[in-house]
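User: Please take me through this model, beginning with the terms on which the description rests.

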Amino acid sequence: ETQQAMHIQLPVTSKKMLTHLSGTYIPVLPAESGTAVSGIQMAYLFRKILMIGLPVTLLTGGIAWFYVQWHACWVLVWLLYFTASQFIFYKNYRIWITDEAIQISRGTWGKEQVVIYLDKMVHVSIRTTPYQRSNGYANLELHLPGKSWIIPYLAKEQADYWADYITLKMEE
């Protein structure tokens with residue numbers, strides 16, 4: 001696995017076990033010693049709900065109305081679930097940075113902790129959509145030898161600063 005994808009995934013059920021396993025690779029996690037950076041922007045949540053949740057609900061609800069009349073209102077349950085899951089994902093997305101690594105904590109119904117060493121990165125890029133450009137947001141893409149990570153909806157200035165900082169650390 002380490003030769004194929006250059007990363008290891010282990011299911012861990014407790015914070016104590018995570019600290020024990022990662023202690024050999026990184027003595028102190030960035031979340032414990034690094035600069036706490038707020039998560040992604042609230043625009044991410046609104047964009048997902050308005051561009052995905054609402055149109056899908058209206059389309060499927062309209063089609064279902066012709067077949068099952070009032071039972072088509074059950075489609076609203078999906079909209080509520082989608083909205084709740086996106087809000088939880090937004091609340092759980094946190095990023096910490098130190099001189100050596102970035103830690104990303106994310107997830108909806110579970111938590112995923114990702115620690116990325118800055119000197120192990122191969123390439124850093126910034127991607128934007130027309131909406132993000134007009135509102136000052138950007139996606140930061142971190143490319144490793146076997147996997148890429150995307151940090152969505154950062155402030156454009158913050159994404160530029162991190163891209164420059166990570167490039168500097170890659171070249172050291």
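Analyst: Helices (H or I, at least four residues) and strands (E, at least two) are DSSP runs, numbered from the N terminus. The model is predicted: local features need pLDDT of at least 70 and side-chain atom pairs count only at pLDDT 80 or more, whereas totals for chains, interfaces and linings use all residues. Residues are numbered from 1 along each chain as its sequence is written, and side-chain values use heavy atoms, with hydrogens and water left out.

User: How many helices and strands does the chain have?

Analyst: There are seven helices and seven strands. Along the sequence they follow the pattern α-α-α-β-α-α-β-β-β-β-α-β-β-α.

User: And what share of the residues is buried?

Analyst: Of the 172 residues in the chain, 35% are buried. Buried means under 20% relative accessible area, exposed means over 50%, and partly exposed lies in between (1.4 Å probe, protein chains only).

User: Now α7. Which residues there form a salt bridge?

Analyst: D160 forms a salt bridge with K156, and their closest N and O atoms are 3.0 Å apart. The term denotes a side-chain nitrogen of Lys or Arg within 4 Å of a carboxyl oxygen of Asp or Glu. Because D160 and K156 are four residues apart in helix α7 (residues 156–171), about one helical turn separates them. D160 is partly exposed, at 29% relative accessible area, and K156 is likewise partly exposed, at 30%.

User: What span should α7 have?

Analyst: At 1.5 Å a residue, the 16 residues of α7 should span 22 Å, and its end C-alpha atoms are 23 Å apart, which agrees. The expected span of a helix is 1.5 Å times one less than its number of residues. The buried residues of α7 are A159, W162, A163, Y165, I166 and K169.

User: Back to pairing: how many salt bridges does the whole structure have?

Analyst: The search finds three. Side chains of opposite charge can pair when their charged atoms come close. One of the salt bridges joins the side chains of E141 and R127, at 3.8 Å from N to O. E141 lies in strand β6 (residues 137–143) and R127 in strand β5 (residues 123–127), so this pair ties together parts that are 14 residues apart in sequence.

User: Is E141 buried or exposed?

Analyst: E141 counts as buried, at 12% relative accessibility, whereas R127 counts as partly exposed, at 49%. A further salt bridge joins the side chains of E112 and R106, at 2.9 Å from N to O; E112 is partly exposed, with a relative accessible area of 31%.

User: Turning to α4, where is its kink?

Analyst: The kink in α4 is centred on I49 and amounts to about 30 degrees. The bend at a residue is the angle between axes fitted to the seven residues ending there and the seven starting there. α4 has 26 residues and reaches 35 Å from its first C-alpha to its last, close to the 38 Å expected at 1.5 Å a residue.

User: What do the buried residues of α4 pack against?

Analyst: They pack against α5, α6 (130–135), β6 and β7; contact means heavy atoms within 4.5 Å. The buried residues of α4 are A43, Y44, L45, I49, G53, T57, G61 and A64. Just after α4, Q69 takes a positive phi of about 45 degrees.

User: Which residues form the nonpolar patch on the surface?

Analyst: M42, F46, L50, M51, I52, L54, V56, L58, W78 and F87 form it, with about 910 Å² of accessible area together. The elements that give two or more residues to the patch are α4 (43–68) and α5 (75–92). α4 supplies the largest share, seven residues. Patches are made of residues with over 30% relative accessible area and no salt bridge, where like charges are joined within 9 Å and nonpolar side chains (Val, Leu, Ile, Met, Phe, Trp, Tyr) within 5 Å. Accessible areas come from the Shrake-Rupley method with a 1.4 Å probe, and for residues only the protein chains shown count as cover.

User: Where does M42 lie?

Analyst: M42 lies in the loop between β1 (35–37) and α4. M42 is partly exposed, at 33% relative accessible area.

User: One last point: what is phi of Y153?

Analyst: Phi of Y153 is near 50 degrees, a positive value in a residue other than glycine. Y153 is in strand β7 (residues 148–155) and counts as buried, at 10% relative accessibility.
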